[in-house]
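Subject: Structure handover

Hello,

I am passing the structure below to you. Please look it over first; my notes on what was found follow it.

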Amino acid sequence: MYKAGTKEWEDYYDKLVAQRKKSESIPYIVLTPEWVSEFEKKIQGDDRYKQVAKTWEGSVTLVFKADPEAGLDKDLFVLMDLWHGECRSVKIVPSEIGRNGDYVLEAEYGRWKRVLKKELNVVKELATNKLKLVPFNFKNAAKLAAAAQAALRLVDLSGQVSNKFPDDLESKEFDSFKALLKKLNTDFGI
Amino acid sequence: MFGLMGKILRVNLTDKNISEERIPEEVAKKFLGGRGIASKYLFDEVKSGIDPLGPENKLIFMSGLLAGTPSPSAGRYSVVAKSPLTNIWAQSNSGGRWGVDLKHSGFDGIIFEGISEKPVYLVIDDGQAEIRDADDLWGKNVTETTGVLKEKLGNKFNVAAIGTAGENLVKYAAIMNDIHRAAGRCGLGAVMGSKRLKAIAVNGTMEIKIADKKTFQEISKKQYELLGENILGAGLQGYGTTLVLDIVNVCGGLPTRNWQTGVCSFAEDINGESLSEKVLVDAVGCFACPIKCGRRTEIKKGPYTGEKGEGPEYETVAIFGAMCDNSNLEAITMANYLCNDYGLDTISCGSTIAFTMECFEKGILKTEDTGGMEISFGNSDAIIELVHRIAKREGVGDLLAEGTRIMAQRLGQGSERFAMHVKGLELPAYDSRAAKITGLAFATANRGGDHVTGYVQGPTFLASPFLVIEESEIEDPLKENPAETKVVKDLEDALTVFDAVGSCKFMGMASDAQEISEIIAAVTGWKFEVEDFRKIGERIYNLERAFNVREGLTRAEDTLPKRLLEEPLPEGPAEGNVNNLGILLDPYYEFRGWDKTTGKPTPEKLRELGLENVIKQIYGSKEQ
C-alpha cells in the first residue's frame, strides 16, 4: 500500500486516474477517481465558481457515510482543496487525511446523492444540519454560511459531470465498482 | 388569557385621558397580537384620507403574542399607523427587549390618539400609566433621552423614544428602543413627534401565562438545540446580517451608486469579515435570542475614533456604503450611530443621500442648492454632514428629510426615473433585476418597497429556502416564473404571522409552520393548527391591503422604479436584466384572490377570511 500524503501515493493515484479515464466510458460513475478528477477540472475551468468563491479559504471534505447498498462498506472521503476561487485539487483520500480537512461535511450516502442530483437544496441541508459540519464550530459554520453561492455552484458542476450513481448501476457495473473500491482500499488506504 | 396580557392602554394625548380596554378573545384568535391586532385597530379606528401627522392618526404599539415567553427569538413588537412617508398603512417592527417589558408592565399594547399641546412622555409601571411633562427632554436625542429617563425613573425602566429627527417630523424618522434598536421604517417616529410624544418608559413584573408549559418547553428546547448548531445561526452570529453582503454582491445584486450597477468593487472593504476586523467588539442578541446577530461596535481609527454603539447591519452598510459608493467602513458606522441617536431609518436616510448624489452627478442639484456641499458619490464627509442636516432639517437637509419620492417630485428633470422607492418607501439593498421575484415582492408589499414583508431574498440571493412555507424554492432567480409568485404570497402571509407573534424572521429559515403552530397552541391553549397559521397570516395581510385600497391605492401603484423596469444591469452575473413585472403581477393577484384590474381583495376572498365588515368599506354597500 502506498503511504497517504507521500509523493508516491500522489503519483500512483494520478496514474490510476489516467488509466481509468482511458478504460471507462462517459458519464463516469459518481465517486470513482475518474469522476472526481472530472469534477476537479470542471471547477478549475469555471469562471462563475471563481467569482462566487473568491473569498473562500480552506479544504473541504465530503464524507459519504458507509452504505453497503451503494457499495460503500466504509465511509468515503472526497477532499477538495479550494483557495480564493481556485481549485487546487479534488481527490478521494483515506479517512485520516479526509478528517484533517478544514471543513468536514458528513451525511448519509443517500442524502449526498439527492443533494448532488439537486433534489435537495445544499444550503437548506447545511442549514438544517442534515449535511453536518464535523466537528461543529461557530467560526467555520459562519464561513460556510457566507459561502452559500459557492456551495450551490459546486453542486451545479458536479451534476454537469455525471448523475450516474453507484446504487443505480446494473449488477455487473456495480460489482466492478465494488472491486474498484476494494483496490482503492488495498493500494491507497481509501 | 394565555400568552397575551389581554389588555391594551388607550392614551388620548389631546385631553390626557388614559383608559384600559380588554382585547376580546375573538379578536386575539383572529389576529394573534403584534402587527395583527394593531392593524385591526388601525383599520377600524382610522378613517381614510386623514393627515398622518394630524390628530386623527393613531399610533399603535403592540407586542407579539409570544413576546416575553422564552420561545427563542420571539420578543419583538410592532408599531402601526398611517405613514407620513407613504400615506398608506405602515408597520415597523423592533427587537431588543422593550416589547417584552411592555408586556410585563401589564399591557399588550398602547393606542395613542390625538396630539398633546406640549411635549410629554408616558410611564407605565406595573399596570399604572401616567403622562408626564417632557419639556426637558424635547430637543434631546435618543441616548440622552434614555439616560435621563433611566436616571429619573430607575434603571429597570426600558425606554422607547424619538430623537430630534422625530421632533422635526423627518418623514422617515424612527422610533428607537433599548437605545440602539429601531422601529425604523415608514416614518413612525414622525407620527410620534407630531403627537409631541417623546418617549414611553415601561417597567413591570407581571407574569405572562403559558397554557401548556410542558409542551411549550419541549418545543422551545428543540428550537434552541437546532439554533445551537446551525450554519445560518452561526453565520449571523459570526458576521451579523452583513453576512449576506458578499453573497448578494456575487449575484450581481448589490445596489451600487444608487442602483446604477449591482456589482460593488470594494465589497471586501465593507463585508462581514471587514466589519469584524475593523469595528466589532462583540455580538449581542435580542431577548431570548441565541442567534445574536447584533453588533456591539467601536470605531478604532479616523476622525470618529472612540465612538461606540451598535451596528451597522447589512442594510446600513450596503446603503451608506455601496449605494453611496463609499468604502469607508468607519464613516458608515458613524452614519449608523448618528441615525440611531437622531432616530432615523438608515435605509431611507442612506437611500435619499444616494439619490441626492446621483442628482448632483447629473447636475440636477448644484452646489448653490446644497449650501456649497459637494454631494458627490464616495464623499463620506458629505454623508455624515447630510445625516446631521436631515435630522435638523437644516439647509438642503430640509429637502432630503421629505424622502426620495417628494424630492423627485420637487426636483423633476427626469430624477423620478432613478428615485428608488415603491409607494414612497425607499428600497432595501437587493437589486431585483438580479433576482426577479424580489421585484414582485417590492412592488406589492403592503408598506411599500420593503424586503422583510415576504423575505424572498432568502430563497434567491441567499439560496436558503424558508421552511415555514411548504415550497419556497426559486429555480432560476433570473427568470420570471409565474408559478413562483405563490412563494411571495405564501411568504408574505407566513411572515405576517411572525410579526403578529413577535418572532424574528430568521426563525422562518429554521422552523416550520407545524412547529410554530404547536408553540402558539401551547402558549395560548387554543386549538391551533397549520391551517390557522396560514389563514391568519392571509387575513391580516388582506386587512392591511384593504386599508391601502381605502386610501385610494390601486394596481397602478404596485410597480417599481423606472430604473428597474427599463435600465438593464450593466455588468456582473445579471448583466442585461430588467424587471418584467407584468409577467408576475397577474398570477400573483390570482393566488391572492385580488381583482386583476383594481387590485382590491375580492368580496369572496374577504368573506373567506372572515373580513365581511371590510367589504362595505372598500366596495360600498351594494357588494354586501
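The domain bounds used here come from an automatic or database domain assignment. The model itself is predicted.

On that assignment, chain B is divided into domain 1 (7-203), domain 2 (230-426) and domain 3, which is made of 436-442 + 462-623. Between domain 1 and domain 3 of chain B, the C-alpha centres lie 26 Å apart. Domain 1 of chain B puts 33 residues into the contact between the two, and domain 3 of chain B puts in 26 residues. On the domain 1 side, at least two residues each are supplied by α1 (25-31), α2, β4 (77-82) and β5 (89-94) of chain B. The most comes from α2(B), with 7 residues. By type, the residues on this side of domain 1 of chain B are 11 nonpolar, 17 polar and 5 charged.

Helix α2 (residues 34-45) of chain B also has a helix partner to look at. Its axis and that of helix α22 (residues 530-550) of chain B come within 10 Å and cross at roughly 35 degrees. The crossing of α2(B) and α22(B) is left-handed. From α2(B), the contact uses B:Arg35, B:Gly36, B:Ser39, B:Lys40, B:Leu42 and B:Phe43, and from α22(B) it uses B:Ile536, B:Ile540, B:Leu543, B:Glu544, B:Ala546 and B:Phe547. Together these residues divide into 7 nonpolar, 2 polar and 3 charged.

Next, a sheet in chain B. Three strands form an open sheet in the order β13-β14-β15 (chain B), with antiparallel pairing. Strands β13 (280-284) and β15 (308-310) of chain B stand at the edges with a single partner strand each, so one side of each has no neighbour in the sheet. From one strand to the next, the twist averages 15 degrees. The antiparallel pairing of β13(B) with strand β14 (residues 294-298) of chain B runs over 4 bridges. In one of the bridges, B:Leu280 is partnered by B:Thr297 of β14(B).

Last, the contact between the chains. Chain B contributes 23 residues and chain A contributes 21 residues. The elements of chain B that give two or more residues to the side touching chain A are α8 (231-239), α9 (243-250) and α20 (507-510). Of these, α8(B) gives the most, with 7 residues. The residues on this side of chain B divide into 13 nonpolar, 6 polar and 4 charged.

Regards

How values were computed. Residues are numbered from 1 along each chain as its sequence is written. Chains are lettered from A and ligands numbered from 1 in the order in which they are written. This is a predicted model: local features need pLDDT of at least 70, side-chain atom pairs count only at pLDDT 80 or more; totals for chains, interfaces and linings use all residues. Two strands pair if DSSP finds at least two bridges between them. Axes are lines fitted to C-alpha atoms, for helices over the stretch in contact, and angles run from 0 to 180 degrees between N-to-C directions. Two residues are in contact if their C-beta atoms, placed from the backbone, lie within 7 Å. Ala, Val, Leu, Ile, Met, Phe, Trp, Tyr, Cys and Pro count as nonpolar, Asp, Glu, Lys and Arg as charged, and the others, Gly among them, as polar. A crossing is left-handed if the near helix is turned anticlockwise from the far one by less than a right angle, and right-handed if clockwise.
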